[in-house]
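Hi everyone, thanks for coming.

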Amino acid sequence: MMISTWRKRRAARLAGKQLRPESETGDIHEVTIPNHFRCPISLELMKDPVTMSSGITYDRESIEKWIEAGNATCPMTNKVLSNLDPIPNHAIRKMIQDWCVANGSYGIERIPTPRIPLSSEAALEIHSKIKTACRKGDQAGCQNLAAKIKALAKESERNKRCLVATETAGVLSSAFEEFSKASFDDHVAVLEEILSSLAVLLPHDKASTYLGSDASMDCVVWFLKSTHLPDSNKSFIADHLSYGHVVVVVVSTNAKTVATFVDLGLVSLLLEMLVDAERSICEKALGVLDGICDWDQGREKAYNHALTIPVLVRKIHRVSDLAMKFSVSILFKLCMNEKRGDGGVLVEAIQRNGFEKLLVLLQVGCEERTREKATQLLKLLNVYGSRVDCIDTVDFKNLKKPF
């Protein structure tokens, strides 16, 4: 019965129909979607219809993926698009909404009115307002603008890409530096809002110039110290990880700051949180740890923590591509810089099934730099492979260093 229903649904999708339960008995009722309501790419009901310069209307998500893949032609006509900016087709969208309402009795839900995506011009206008607020020392104004940026970034991936492309992180970082030069206590609200916004706008490549200043780094460290980071409180570190994640942008250029974070107990808290953190927090925590492990102080703390290797090996395939990239990078730094000479990190990585997971990574595929690191790690691990047995376990409790 399930296979038959699946086949009906698949055939209906190709035919421009939606199947909805007609009654509690599970009987199937076919609702035909008008062809001009269907996206030519996905063949599904358009939720945000936009028209390209070719005159063809597509669902925004589908056509933007097409363009982001490097295509500059219209999928339907194959003609070069004179303009890659999609124009909202409000007439079609309103017709689709009316059709949804008319078929509401069959379970068709009305598509919501999409919000207008952020444009580069609008982003640059926000930049200008932030710079003006900084010149005037307008803390409230800058705080509101930083909050607006964060909200826009969270609203959609498209908005986030636009903010990153227009180098919004650099503008926020410059504002952070300006307010950091004054009293921290007097500007806590705006500084905290800027840090929170920066944490959403990854990556921060254009922000390091400003975040690397003495004033900015002293301010971030002050935040960490004033909120008692050493307390073993996972909810705290999850809520305030943005501070540490912003720091990772410049952590490789400031040994004093790294030492401060290590002394504050950040390495231990990150590792303990990584055991069961959700995806977003996991990616940020690994990013911070990767930056800290560029330095001897950070690596030494990681070497001496029982969770380091088990957690890193486990995160290679359990979270996301970004988490995998950071996990491999940290393992690479620990293995390549181990000074004990006994191969302790390599041995433990093998025991935790690291060799097999890195092999799978190469088979599945990853970006070039990560692949190079994984290949070198496999060569190092292979030296100890015949002498060590795998003892991988999902239980992280009561872990102790095997050496």
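First, some housekeeping. This is a predicted model, where local features need pLDDT of at least 70 and side-chain atom pairs count only at pLDDT 80 or more, while totals for chains, interfaces and linings use all residues. Residues are numbered from 1 along each chain as its sequence is written, and side-chain values use heavy atoms, with hydrogens and water left out.

So, the overall picture. The chain has 20 helices and five strands; both are DSSP runs numbered from the N terminus, with helices being H or I of at least four residues and strands being E of at least two. Of the 403 residues, 47% are buried. Here, buried means under 20% relative accessible area, exposed means over 50%, and partly exposed is in between, using a 1.4 Å probe and protein chains only. Now take the contacts between residues at least 6 apart in sequence: 67% of them join residues at least 24 apart. A contact, by the way, means heavy atoms within 4.5 Å.

On to salt bridges. Side chains of opposite charge can pair when their charged atoms come close. The cut-off used here is a side-chain nitrogen of Lys or Arg within 4 Å of a carboxyl oxygen of Asp or Glu. How many salt bridges are there in the whole structure? The search finds 16.

Let me show you three of them. Please find Glu68 and Arg161, whose closest N and O atoms are 2.6 Å apart. Glu68 sits in helix 2 (residues 60-68) and Arg161 in helix 6 (residues 157-165), so this pair ties together parts that are 93 residues apart in sequence. Glu68 is partly exposed at 49%, and Arg161 is partly exposed at 37%.

Next comes Asp294 with Lys333, where the closest N and O atoms are 2.7 Å apart.

Arg371 is partly exposed at 35%, and Glu368 is partly exposed at 44%.

There is also a network of salt bridges, which links Asp48, Arg60, Glu64 and Arg158.

Now let's look at how helices pack, with helix 16 as our guide. Helix 16 (residues 308-318) packs against helix 17 (residues 321-336) at an angle of about 140°, with the axes 8 Å apart. Those axes are lines fitted to C-alpha atoms, for helices over the stretch in contact, and the angles run from 0 to 180 degrees between N-to-C directions. The crossing of helix 16 and helix 17 is left-handed; that means the near helix is turned anticlockwise from the far one by less than a right angle, while clockwise would be right-handed. Residues making this contact include Ile309, Leu312 and Val313 of helix 16 and Met324, Ile330 and Leu331 of helix 17.

Helix 16 also meets helix 18 (residues 344-351), with axes that come within 9 Å and cross at roughly 50°. The two are therefore oblique to each other. This crossing is right-handed. Ile309, Pro310 and Val313 of helix 16 touch Val345, Glu348 and Ala349 of helix 18. Oblique covers the angles left over once you set aside those under 35 degrees (roughly parallel), over 145 (roughly antiparallel) and 65 to 115 (roughly perpendicular).

Last, some single residues. Most residues other than glycine have a negative phi, and most peptide bonds are trans. Which way does phi go at Asn78, positive or negative? Asn78 has a positive phi of about 65°, although it is not a glycine. You'll find Asn78 in the loop between helix 2 and strand 5 (87-88), and at 59% relative accessibility Asn78 counts as exposed. Asn353 has a positive phi too, of about 75°, and lies in the loop between helix 18 and helix 19 (354-364).

That's my tour, so please ask away!
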